[in-house]
Amino acid sequence: MHLDRQPSTWDAWIGTAADVDEHALRARLVRSAPDAWKGYRERALEESLSLLLAGEALAARGVLLALGAEQARGAPGTGPAGLETVLGAALDATDGDDDAYAWLVDHEERHALQDPRLTRLLAVVADSRDETEVADRAWSEVMAQAVRLDPARARRAVVALVSRRERDGLIGPMVADLLSCVALVRSTQVEDWDQVAVDAAHDLRARGDVAGARLLLRAFRAAAPPTAPVDRARRALTPAAVSVRAVANAVVFTVLAAGALALAVRWGNPLPLFALAVLAVAGARVVHVPGMTEQEGNVWQRLGAVELDPRRGIVETGAGLAWFAVLGVAGALSGLTATSAATSQLREAGRHGAWLDGGGGLALWFVGMLAGAVAAVLMGRWLHTAVRRHETARRWAAADREGVSPGAACRCWQVSALVDERALGYAGEHLLPLDRHRGVGDPLDRGDDLWQCPESDTLWLLTGPGGSGRTVALRGTAVG
Ligand SMILES: [Zn+2]
């Protein structure tokens, strides 16, 4: 077996490198691929494209110039242009040529359906020209292509998608977009994915979109394992007014609840409590989250009521208003009982009798109920958050352990690329190192290693940290 005689393995590696957004690595693989892979011209164009996508415009230009590629562009709409024309336009646009940029934008609009790479290319070129609106549109569409981006690009695409949300649009799509941002960042498989989330929120804030940054971090809280950096960033973005308001709401509700309970006890019927429940449900619908539109506020609340379970997907967390209302009422009753016991003691001891009869007793009851309700709600909230976060962290840790180290079971039929810990874990537990000095072929690069599946003979390439800083394992084909 010799690598040079395995064009299909090279083809798989080169394709998968693009799938995980490792374009610098892809350029390197294209350069090293055997002649049997593709012709000279096609290879040069693919290498140039990969370099450009990796942000190395100068090197991409060099490859194209060495090829002597034809850069004449047709008038827009004259049919799909060849890759060399597109690359020439993209490079000229990067260098500040407005006509080339206009041609590229038009070309992408017409032909992105046939060649989705055009959108990725436009996104990079538009960013290099600070054309934020076009770049945001392109990055959002790249995300919709369900690709896995490297951490830096994932951060950029997330900012684009959140920035482009319709602030008064429907709740469902906004929630879905925010959760897809979480999925995209998690799909980078890097250990410090939470920093990607925090950086994206920082970028949104720098654009003046504080509401977007807060919604994004709330989505991470709902749909990703809890981490300290995300929590810190979320707290830092939450204006003090929000916390004050939340406490004020809780106190007002508790005062009303205590009053309703007192009336219910005095009248001997539960009508005031029913009225309060109706009021609470109606109130929850009209409460706005400061700094957000009404729909964003609804999205905010919706994200607070769901979480992503690593196995079951999005699930309701089940601790809504009703749960806290029950807690509040139970606390108020306990407070009432305790106060009653205390006043009885005072009466029996013959102290403060006149004051208690003159309204002091009623006031004491009220304060007791209030204190009981507030304490019960605060404790319930603290306990619920602590238990929920502990449970979520435990489930995610178990799922992550399984992802990093699935044991020696073969998943070569299922997985085409793995990153960082998962790549090293899979190689260590399942694959066998291949001695490249025994006729396998030249080393691809320093830091690259070849591994093989003992069951299916699939050849895997494990690269050293590439342009994105990630170690990547790419699946090739079965080689006997
Ligand atoms: Zn295998």
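Axes here are lines fitted to C-alpha atoms, for helices over the stretch in contact, and angles run from 0 to 180 degrees between N-to-C directions. Helices (H or I, at least four residues) and strands (E, at least two) are DSSP runs, numbered from the N terminus. This is a predicted model: local features need pLDDT of at least 70, side-chain atom pairs count only at pLDDT 80 or more, and totals for chains, interfaces and linings use all residues. Residues are numbered from 1 along each chain as its sequence is written.

**Helices α9 and α11**

- Helix α9 (residues 151–163) packs against helix α11 (residues 193–206) at an angle of about 45 degrees, with axes 9 Å apart.
- That makes α9 oblique to α11. Angles under 35 degrees count as roughly parallel, over 145 as roughly antiparallel, 65 to 115 as roughly perpendicular, and the rest as oblique.
- The crossing of α9 and α11 is right-handed. A crossing is right-handed if the near helix is turned clockwise from the far one by less than a right angle, and left-handed if anticlockwise.
- From α9, Pro151, Ala154, Arg155, Val158, Val159, Val162 and Ser163 meet Val196, Asp199, Ala200, Asp203 and Leu204 of α11. Two residues are in contact if their C-beta atoms, placed from the backbone, lie within 7 Å.
- This contact of α9 with α11 has eight nonpolar, one polar and three charged residues. Ala, Val, Leu, Ile, Met, Phe, Trp, Tyr, Cys and Pro count as nonpolar, Asp, Glu, Lys and Arg as charged, and the others, Gly among them, as polar.

**Helices α10 and α16**

- The axes of α10 (residues 171–186) and α16 (residues 294–304) come within 10 Å and cross at roughly 55 degrees.
- The two helices, α10 and α16, are therefore oblique to each other.
- Ile171, Met174, Val175 and Leu178 in α10 meet Gln295, Asn298, Val299, Arg302 and Leu303 in α16.

**Helices α3 and α5**

- Helix α3 (residues 40–53) and helix α5 (residues 83–94) pack at about 30 degrees, with their axes 10 Å apart.
- That makes α3 roughly parallel to α5.
- Their crossing, α3 with α5, is left-handed.

- Strand β4 (residues 432–433) pairs with strand β5 (residues 449–452) in the antiparallel sense over two bridges. Two strands pair if DSSP finds at least two bridges between them.
- Leu432 has Gln452 in β5 as its bridge partner.
- β5 also pairs with strand β6 (residues 458–462), in the antiparallel sense over four bridges.
- Opposite Leu450 stands Leu461 in β6.
- The hairpin of β5 and β6 has five residues between the strands, and Asp457 takes a positive phi near 65 degrees there.
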